[in-house]
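Dear colleague,

Please find the structure below, handed over for your records. The findings follow directly after it.

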Amino acid sequence: MIDLLALTLAGEEPASPCGENAKLRWQWLGEGLFEICPLHGYQRAVVISAGIHGNETAPIELLNQCVGEILAGTRPLAVRLLVVLGNPPAMRAGKRYLTSDMNRMFGGRYAQFEPSGETARAQQLEQAISAFFAGESAARFHFDLHTAIRESCLPRFGLLPFQQCPYSAEMLALLDAAALDAVVIHQAPGGTFSHFSSEQMQAASCTLELGKARPFGSNDLQQFADIHQALRAFISAAPLPPRTQRPMRVFRVAQSLIKRSEAFKLYLSNDTANFTELVQGTLLCEQPGEVYRVQHDTEWILFPNPAVALGLRAGMMLIEVPRNTLF
Ligand SMILES: [Zn+2]
């Protein structure tokens, strides 16, 4: 039996690069790249990735469990599936990344970074996703699984890439079933993995932030049970579990706070939780020639980080919008 995570952490490969049973065939396409295809047809082609940030362990573990169940035959596979463990060297080191954050490099942006293992890996992942979707006529999906570093007033949320067309109803049904508290709609292109697969592969895609990370083996996977159940149902083409929580809230990015000067000051404490509410007029950040105060009645802060490199985003201000903004 193949244990994808154990092999990857050991830097090893399976004894054979491919295999088959009565229901499916699988192929090891390279480190952290594993494709499984049902032999009797499918209507969805699905990429599920985790470990783009190497220390975000829980989603890597749950994805590994899904693969184990599929290969053991205890979970039927009804989709063509590409499993991606994004950054194996960082996973082995227990770090978010070794040189630079890969999740800003996609869509060819790796060319703007100092060459490193991560720029090479981002390019390799783009090629792997392109090859997976090439000529594929089934409905295309990509879910990129993460956990957040900081606390969050809304612990589980999805980030939807900027796109011109409506968001996929099938994907939103999955996000509802996964008990997400909120989704956030980006208003501009970005360098994330999910943006790449939306823009360049026409996949319905989403970055999922699923709670807080701990070291391998110390995760309470129960905390991730809802997403696990929903993904399992999705790849088995089984009915999605019903949502029992209040409806998912929908936000859109109203303003990105871009750090343009080393004198950039963010007037929030370092441990400010994601989705902290801020009222109109609150002085939020300052840099030469620019002062930002909360513009709308209420805005919510996401990913505040004044320590980012110049030219990068030091936080996003959100406003809440009706659900039909998604269609
Ligand atoms: Zn992450």
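Cys18 counts as partly exposed because its relative accessibility is 43%; the classes are buried, under 20% relative accessible area, exposed, over 50%, and partly exposed in between, with a 1.4 Å probe and protein chains only. Please note that this is a predicted model, in which local features need pLDDT of at least 70 and side-chain atom pairs count only at pLDDT 80 or more, while totals for chains, interfaces and linings use all residues. Residues are numbered from 1 along each chain as its sequence is written, and side-chain values use heavy atoms, with hydrogens and water left out.

The structure holds 0 disulfides, a disulfide being a pair of cysteine sulfur atoms within 2.5 Å. Cys18 is accordingly in no disulfide, and the nearest cysteine sulfur, that of Cys37, is 13 Å away. For Cys206, the closest cysteine sulfur belongs to Cys165 at 14 Å, which is too far for a bond. Cys206 counts as buried, because its relative accessibility is 0%.

Asn87 is also buried, at 3% relative accessibility. This residue is found in the loop between strand E5 (80–85) and helix H3 (88–93); helices (H or I, at least four residues) and strands (E, at least two) are DSSP runs, numbered from the N terminus. Leaving aside residues up to four places away in sequence, Asn87 touches Gly51, Ile52, Gly54, Arg96, Tyr97, Met102 and Glu118, where contact means heavy atoms within 4.5 Å.

As to the overall division, the protein comprises domain 1 (4–236) and domain 2 (253–326), with bounds from an automatic or database domain assignment. Their centres, taken over C-alpha atoms, are separated by 28 Å.

A search of the whole structure finds 1 cavity of 30 Å³ or more. A cavity is a set of points on a 1 Å grid over the protein atoms alone where a 1.4 Å probe fits but cannot get out, and lining residues have an atom within 4 Å of a point. The volume is the space filled by probe spheres set on the points, which are joined across faces, edges and corners. The largest cavity holds about 30 Å³ of space, and its lining consists of Gln255, Ser256, Leu257, Ile258, Cys285, Gln287, Glu290 and Tyr292. Strand E10 (249–258), strand E13 (283–287) and strand E14 (290–293) each give two or more residues to this lining, and E10 supplies the largest share, 4 residues.

Note on methods:
On a 1 Å grid over the protein atoms alone, a cavity is a set of points where a 1.4 Å probe fits but cannot get out, and a pocket is an open set with protein on both sides within 12 Å along at least five of seven lines; lining residues have an atom within 4 Å of a point.
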